[in-house]
Amino acid sequence: MSLFTPLIWILIILPFIILAVFKSEKVNLKYLGLFILYFLTDSYIQHLSKLYFDLDFLGLKFAWIGKILSLCFALIVIFSVSKKDREEIGFTTKTNSKSQVKSGILIFLGFLAFDFVFKLILFPKGGDFDLETFAFQMTMPGLTEELVFRGILFWLLDKAFAPKWNFKGVKFG
């Protein structure tokens, strides 16, 4: 990834941002700026960590440090906002009953076991099973992307553009 890639991504979504500015009743430019700043900061944390924090001495081939730093940055942001904002970000268990959490964990472990067996036994790709690849893909992208893209960045966009439409009680901005 080039240092210009995150800026190009912002330029790609710029027409949608401009359209949203004109179509929204109320725009909070502070949160729009925070959205762009957070996106760029997270992208550069992940990119520059590969350049400056080398984990080759551990024999790791994936960008563990970048994803871990991205996760830490997301958690710092989440825990620096109010409890109400954390709930708006989606960082809560308030809406889930204990049985739903248990079911979710069991389903996750079931899919994990299936994936493990599928990759290990049924359809080997001509190579050896790589535990690091399995562990990285099982944890890092999902953890960081859920918090960053589906949590913090959507929350910032929701704060930037006031909801205009209401469909069956759900507000859309």
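Q: Asp 85: buried or exposed?
A: Asp 85 is buried, at 14% relative accessible area. Buried means under 20%, exposed means over 50%, and partly exposed is in between, with a 1.4 Å probe and protein chains only.

Q: What am I looking at, an experimental or a predicted model?
A: This is a predicted model, where local features need pLDDT of at least 70, side-chain atom pairs count only at pLDDT 80 or more, and totals for chains, interfaces and linings use all residues. Residues are numbered from 1 along each chain as its sequence is written, and side-chain values use heavy atoms, with hydrogens and water left out.

Q: Back to Asp 85. Which side chain does it meet in a salt bridge?
A: Lys 159, at 3.6 Å from N to O. The two sit in distant parts of the chain: Lys 159 is in helix α6 and Asp 85 in helix α4 (residues 83-89), 74 residues apart. A salt bridge here is a side-chain nitrogen of Lys or Arg within 4 Å of a carboxyl oxygen of Asp or Glu.

Q: How accessible is Lys 159?
A: Lys 159 is partly exposed, at 25% relative accessibility. It also forms a salt bridge with Glu 88, at 3.6 Å from N to O. Glu 88 is in helix α4 too, 71 residues from Lys 159. Glu 88 is partly exposed, at 38%.

Q: Which residues are linked in that network of salt bridges?
A: Lys 84, Asp 85, Glu 88 and Lys 159.

Q: How many salt bridges does the count come to?
A: Five. Another pair is Lys 67 with Glu 145, 3.9 Å from N to O. That pair joins helix α3 to helix α6, across 78 residues. Lys 67 is buried at 13% relative accessibility, while Glu 145 is partly exposed at 30%.

Q: Zoom out. What's the secondary structure?
A: Six helices and two strands. From the N terminus the order is α-α-α-α-α-α-β-β. The elements are DSSP runs numbered from the N terminus: helices are H or I with at least four residues, strands are E with at least two.

Q: What bend does α6 have, and where?
A: α6 has a kink of about 35 degrees, centred on Glu 145. The bend at a residue is the angle between axes fitted to the seven residues ending there and the seven starting there. Glu 145 is also the residue that meets Lys 67 in a salt bridge.

Q: What span should α6 have, and what does the model give?
A: At 1.5 Å a residue, its 30 residues should span 44 Å, and the end C-alpha atoms are 42 Å apart, which agrees. The expected span is 1.5 Å times one less than the number of residues.

Q: And α3, what does it pack against?
A: Its buried residues pack against α2, α4 and α6. Those buried residues include Trp 64, Lys 67, Leu 71, Ala 74 and Ile 78. α3 has 17 residues and reaches 24 Å from first C-alpha to last, close to the 24 Å expected.

Q: How many residues are in the largest nonpolar core?
A: The core has 23 residues, and those with the most contacts inside it are Tyr 38, Ala 74, Ile 89, Ile 152, Leu 153 and Leu 156. α1 (5-23), α2 (29-52), α3 (64-80) and α6 (131-160) each supply at least two of its residues. By definition, a nonpolar core is a set of buried Ala, Val, Leu, Ile, Met, Phe, Trp, Tyr and Cys residues joined through side-chain atoms within 4.5 Å.

Q: What is Leu 153 in contact with?
A: Leaving aside neighbours within four places in sequence, Leu 153 is in contact with Phe 35, Tyr 38, Phe 39 and Val 148. Contact means heavy atoms within 4.5 Å.

Q: Now the rings. How many aromatic pairs?
A: Five. In one of them, Trp 9 and Phe 39 have ring centres 6.0 Å apart and planes at 65 degrees, so the pair is edge-to-face. Trp 9 lies in helix α1 and Phe 39 in helix α2, so the pair ties together parts 30 residues apart in sequence. Rings of Phe, Tyr and Trp (its six-membered ring) pair if their centres lie within 6.5 Å; planes under 30 degrees apart are stacked, over 60 edge-to-face and the rest tilted.

Q: How accessible are those two?
A: Trp 9 is partly exposed at 39%, whereas Phe 39 is buried at 12%.
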